[in-house]
Amino acid sequence: MSIHSVKHTSQGVDADDDDKFRLSDLKHFDARFWMLVCNTCLIYGCVEPWMKIGSSFMQSVWSYSHETANMMLTIPYVTSAVLTPLIGCVVDRFGYRCHLLLFAAVLLSIVHFIFMTGYVDAWLNMLSLIGIGVAYSMFCGVIWPSFAIIVDPKTLGTAYGFGTAGYNLFLGLFFFVVGILAKHDAEEFHPSDEDMVELEDHKYKHVEHFLLAMSVLSIFTAS
């Protein structure tokens, strides 16, 4: 084997070693990465648990029938299915990822504030459900590609792993908290005890206080 071949082979081995992930590479995950992970946890936590209780929420708070509530619950999903690819194309062409993440967090906060008040209006309720779909579309169309932009390609799999582990962990935590708050509200809420019940005093008031607080917190992680 010639000296040139040995040198070439040595360079190839060094290049392969450079492409391997090491635990020391974690130090290269800067504040932007961890803020993205926090934002991922919070937004998923403010959307997915509500979607699980959405039908019950609409039946209890808005006095919808079971069939109507289930039909209305499809609105966020359909909205997200239609808009997410479009938003992804727009982001790829024009950018504005940070702006869209911030707008999604603000919109989600507004929606949960409306849910918290328990205000019943057919058009406002429908717009709120569309708002969840729009916010979720912006978030999904932006958040995962953003990881690929701010981390080194050789640590991309690890970055996605941390992001996915984080939101699964927080989803479990959010479901647990929402379940406890919903049970507490159900035990505490007795509308028949009084002739009049305040508008904001509904079965899911503490759930919405929690989700609104987390939505507002997500604004700071997106800004």
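The model is predicted, so local features need pLDDT of at least 70 and side-chain atom pairs count only at pLDDT 80 or more, while totals for chains, interfaces and linings use all residues. Residues are numbered from 1 along each chain as its sequence is written, and side-chain values use heavy atoms, with hydrogens and water left out.

View 1. Searching the whole structure turns up 23 aromatic pairs. Here, rings of Phe, Tyr and Trp (its six-membered ring) pair if their centres lie within 6.5 Å; planes under 30 degrees apart are called stacked, over 60 edge-to-face, and the rest tilted. Phe33 is buried at 0% relative accessibility, whereas Trp34 is partly exposed at 36%. For these labels, buried means under 20% relative accessible area, exposed over 50%, and partly exposed in between (1.4 Å probe, protein chains only). Both rings also belong to one aromatic cluster, whose members include Phe29, Tyr44, Trp144 and Tyr167.

**View 2. Phe57 and Tyr204 make a tilted pair.** The ring centres are 5.8 Å apart and the planes 45 degrees apart. This one links distant parts of the chain: Phe57 belongs to helix H2 (residues 31–61), while Tyr204 is in the loop between helix H7 (156–188) and helix H8 (205–222), 147 residues away. Helices are DSSP runs (H or I, at least four residues), numbered from the N terminus. Phe57 is buried, at 0% relative accessible area, and Tyr204 is buried too, at 5%.

**View 3. A nonpolar patch includes Phe170.** Leu169, Phe170, Leu173, Phe176 and Ile180 make a nonpolar surface patch of about 510 Å². To join a patch like this, residues need over 30% relative accessible area and no salt bridge, with nonpolar side chains (Val, Leu, Ile, Met, Phe, Trp, Tyr) joined within 5 Å. A salt bridge, in turn, is a side-chain nitrogen of Lys or Arg within 4 Å of a carboxyl oxygen of Asp or Glu. Phe170 lies in helix H7 and is partly exposed, at 32% relative accessible area.

**View 4. Cysteines, but zero disulfides.** A disulfide is counted when a pair of cysteine sulfur atoms lies within 2.5 Å. The closest cysteine sulfur to that of Cys38 is in Cys41, 6.4 Å away, so it is too far for a bond. Cys38 is partly exposed, with 38% relative accessible area. Cys46, by contrast, is buried at 2%.

Terms used:
Helix = DSSP H or I, 4+ residues; strand = E, 2+ residues; numbered from the N terminus. Patch = residues over 30% accessible without salt bridge, like charges linked within 9 Å, V, L, I, M, F, W, Y side chains within 5 Å. Areas by Shrake-Rupley, 256 points an atom, 1.4 Å probe, with all protein chains shown as cover.
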